[in-house]
Amino acid sequence: MRSLDKSDVLVSVIIPHFNQPDELEQCLRSLEAQTLERSAFEIIVVDNASTRTPDEVVRRHPGARLLGEPTPGPGLARNRGAAAAAGDILCFIDADCRARSDWLLNIVNAFKDERTILGGDVRIWRDDQSTFTALEAYESVFAYRFKLYIEKHGFSGTGNLAVRRSDFLEVGPFAGIAVAEDVEWGTRAKAANFTIRYIPEMVVFHPARRTIRELFTKWDRHIQHDLNAARKKRGWLFAWFARAVGILFSPAIDCVRVFTSPRISGAGPRLNALKVLITVRVYRAWKMVTMLVSQGKAPWNRNETVNLKAIRR
């Protein structure tokens, strides 16, 4: 494997897209503002069977390519982009994210060790920097905790992930929509003796969800994935109920994080974040129990979230 030389490296930025043309526009604008020389990276948008493909959006950004992946699942869309990529480094970002201007340059600079995969920081984007909505305050503290994912759980979210193309081919493609593809892929990478590093300078921004219903929809997906995995283990039913009880009472512990987090400030935002925290944890515990009853029905369906634009971690 040849070393990565900043003078000739080519980076491929891969963006899965599903019914988010406005967000994709902002994402592409953030990529055009990168400090890394434009000739050093390509942009590949992979539409994942949207109601309307984002042809007009992509056309407004010279050099960006639009591909299609008809089978539902962001992991499969990322695989399609990776297969078409020409870069030495594959950088994955979601369509509803915005990259900080030095995102790509910091990725290139961070690739020093062999068999290393990079994940970065995801922060909440706020249009109004003077105040927090309740959901912005909550998600600033509890959402997109990539440092925790990487250092404790051994995976990086795919909304801010970089890997050498040759290493991606060795680990293999992302899984389909039935599992949490970032967790599953990270588990395989660790099993193959790859190191996943957290790079705090590798920053992208993600908007907070606009309604509590969007937040619930996200957890519907994650709980279904967790249940799929739990059912494969001995004694899973007792462990599942015990976990639900733990989640129900967990705000008593996590309220400390709300009142000490440096990512929000002021008594009002912290109290609002605490209210959302309690609401979400009660919902998660209730959903974990009721989902057992509905196992004979169809699992979480991406098409139910078309109007919520909630296909994101």
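This is a predicted model: local features need pLDDT of at least 70, side-chain atom pairs count only at pLDDT 80 or more; totals for chains, interfaces and linings use all residues.
Student: Which hand does the crossing of helix 11 and helix 12 have?

Tutor: The crossing is right-handed. Residues are numbered from 1 along each chain as its sequence is written, and side-chain values use heavy atoms, without hydrogens and water.

Student: What makes helix 11 roughly antiparallel to helix 12?

Tutor: The angle. Helix 11 (residues 251–260) and helix 12 (residues 267–293) pack at about 150 degrees, with their axes 10 Å apart. Angles under 35 degrees count as roughly parallel, over 145 as roughly antiparallel, 65 to 115 as roughly perpendicular and the rest as oblique. Therefore helix 11 is roughly antiparallel to helix 12. The axes are lines fitted to C-alpha atoms, for helices over the stretch in contact, and angles run from 0 to 180 degrees between N-to-C directions.

Student: Which residues make the contact of helix 11 and helix 12?

Tutor: Helix 11 gives P251, D254, C255, V258, F259 and T260. Helix 12 gives R270, L271, A273, L274, L277, I278 and R281. Contact means heavy atoms within 4.5 Å. The contact residues divide into nine nonpolar, one polar and three charged. Here Ala, Val, Leu, Ile, Met, Phe, Trp, Tyr, Cys and Pro count as nonpolar, Asp, Glu, Lys and Arg as charged, and the others, Gly among them, as polar.

Student: How many helices and strands are there in the chain?

Tutor: The chain has 12 helices and eight strands. Both are DSSP runs numbered from the N terminus: helices are H or I with at least four residues, strands are E with at least two.

Student: Why is S140 called buried?

Tutor: Buried means under 20% relative accessible area, exposed over 50%, partly exposed in between (1.4 Å probe, protein chains only). S140 has 8%, so S140 counts as buried. S140 lies in helix 5 (residues 134–142). Leaving out residues up to four places away in sequence, S140 touches I124, F132, R263 and I264.

Student: Why is R65 called partly exposed?

Tutor: R65 has a relative accessible area of 33%, so R65 is partly exposed. R65 sits in strand 3 (residues 64–68). Beyond neighbours within four places in sequence, R65 is in contact with E42, I43, I44, V45, V58 and A84.

Student: What makes the phi of N19 worth a note?

Tutor: Most residues other than glycine have a negative phi. Phi of N19 is near 55 degrees, a positive value. N19 lies in the loop between strand 1 (11–17) and helix 1 (21–32). At 10% relative accessibility, N19 is buried.

Student: Where is A49, and is A49 buried or partly exposed?

Tutor: A49 is in the loop between strand 2 (41–47) and helix 2 (55–59). Relative accessibility is 38%, so A49 counts as partly exposed. A49 has a positive phi too, about 65 degrees.

Definitions and conventions:
A crossing is left-handed if the near helix is turned anticlockwise from the far one by less than a right angle, and right-handed if clockwise.
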